[in-house]
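Subject: Structure handover and findings

Dear colleague,

Here is the structure I said I would pass on. Please look through it first; my notes follow below.

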Amino acid sequence: LVSFTGRHLPQLRPFLNELLDRIAALGRAHEFARPHSPHSAPDFGESHLQGLLAELLEPYRSDDADRVAITGDDVAIDDRGATPIALVIHELATNAAKYGSLSAPEGKVTINIARDGDALTIVWTESGGPAVVETPTRTGFGTHLAELSVGRQLGGSISRDWRPEGLRATIRLDVSRVHRDAGT
């Protein structure tokens, strides 16, 4: 339906392509975290945060394995946490590919995950891309949606630090909100 609309309204194609990318990312997150039988289980590993992030960021890795690095703690994740986290990571990656570190051949993204008791912090750090001259003043649809998802679905927050060398986004969550059994 989205593609059909885009064929008939060419002025909407950029927006609709971005929407299709988001829907695909959510589909990958859902496939990653949904219950599986032994026959339907995907081959990208157990349902853990690092595996989900690796799956979502695979298209940005290209031939350079160091272009995207995921480090730190790993936590179990299910559909409750996977969908909003996928939205946020997809939004960050899309913006990095358009304007940030992933728009330059030498650009890199490092994601560090830290768990401290019930607190989960995910830090997205860009480097090697175009220099950040000023803090963006416009907030797009995807950024707004990501903030709502983290706030409402995960009870967390996102903060952004626009450093000259690239964006550093910090996502703070309660670990019990990313997996139903995490609090036990």
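This is a predicted model: local features need pLDDT of at least 70, side-chain atom pairs count only at pLDDT 80 or more; totals for chains, interfaces and linings use all residues.

Residues are numbered from 1 along each chain as its sequence is written, and side-chain values use heavy atoms, with hydrogens and water left out.

Overall fold

The protein has 5 helices and 5 strands, in the order α-α-α-β-α-β-β-α-β-β along the sequence. Helices (H or I, at least four residues) and strands (E, at least two) are DSSP runs, numbered from the N terminus. Of the 184 residues, 36% are buried; buried means under 20% relative accessible area, exposed over 50%, and partly exposed in between, with a 1.4 Å probe and protein chains only. The accessible surface comes to about 10,000 Å², and carbon and sulfur atoms hold 53% of that surface. Areas are from the Shrake-Rupley method with a 1.4 Å probe, and for residues only the protein chains shown count as cover. Among contacts (heavy atoms within 4.5 Å) with a separation of 6 or more, 64% are between residues 24 or more positions apart.

Nonpolar core

In soluble globular proteins, nonpolar side chains tend to be buried together. The largest nonpolar core here has 35 residues, and Ile85 and Trp124 touch the most other members. Such a core is a set of buried Ala, Val, Leu, Ile, Met, Phe, Trp, Tyr and Cys residues joined through side-chain atoms within 4.5 Å. At least two residues of this core come from each of α3 (49-61), β1 (68-72), α4, β2 (108-116), β3, α5 and β5. The largest share, 8 residues, is supplied by α4. Beyond residues up to four places away in sequence, Ile85 touches Leu49, Leu52, Leu53, Ile77, Leu154, Leu173 and Val178.

Largest pocket

The largest pocket has a volume of about 760 Å³. On a 1 Å grid over the protein atoms alone, a pocket is an open set of points where a 1.4 Å probe fits, with protein on both sides within 12 Å along at least five of seven lines; lining residues have an atom within 4 Å of a point. Grid points are joined across faces, edges and corners, and the volume is the space filled by probe spheres set on the points.

The lining has 33 residues, and Asn95, Tyr99, Pro136, Arg138 and Trp162 lie nearest the centre of the pocket. Two or more lining residues come from each of α2 (13-33), α4 (79-98), β3 (119-127), α5 (141-154), β4 (157-163) and β5 (166-174). The most, 5 residues, come from α4. By type, the lining divides into 12 nonpolar, 11 polar and 10 charged residues. In that count Ala, Val, Leu, Ile, Met, Phe, Trp, Tyr, Cys and Pro are nonpolar, Asp, Glu, Lys and Arg are charged, and the others, Gly among them, are polar.

Single residues

The contacts listed here leave out residues up to four places away in sequence.

Ser101 is in the loop between α4 and β2. Its relative accessible area is 2%, so Ser101 is buried. Its contacts are Arg67, Ala96, Gly107, Lys108, Val109, Glu126, Ser127, Gly129 and Pro130.

Ser103 is also found in the loop between α4 and β2, but Ser103 is partly exposed at 34%. Ser103 contacts Arg67, Ala96, Ala97, Lys98 and Pro130.

Arg163 is placed in strand β4 and counts as buried because its relative accessibility is 14%. Arg163 touches Thr125, Glu126, Val132 and Arg168. From Arg163 to Thr135, 28 residues apart in sequence, the C-alpha distance is 8.6 Å.

Ala131 lies in the loop between β3 and α5 and is exposed, at 58% relative accessibility. Its C-alpha atom is 5.5 Å from that of Glu165, 34 residues apart along the chain.

Gly72, in strand β1, is partly exposed at 45% relative accessibility. Gly72 is in contact with Gln50, Asn112 and Ile113.

Regards
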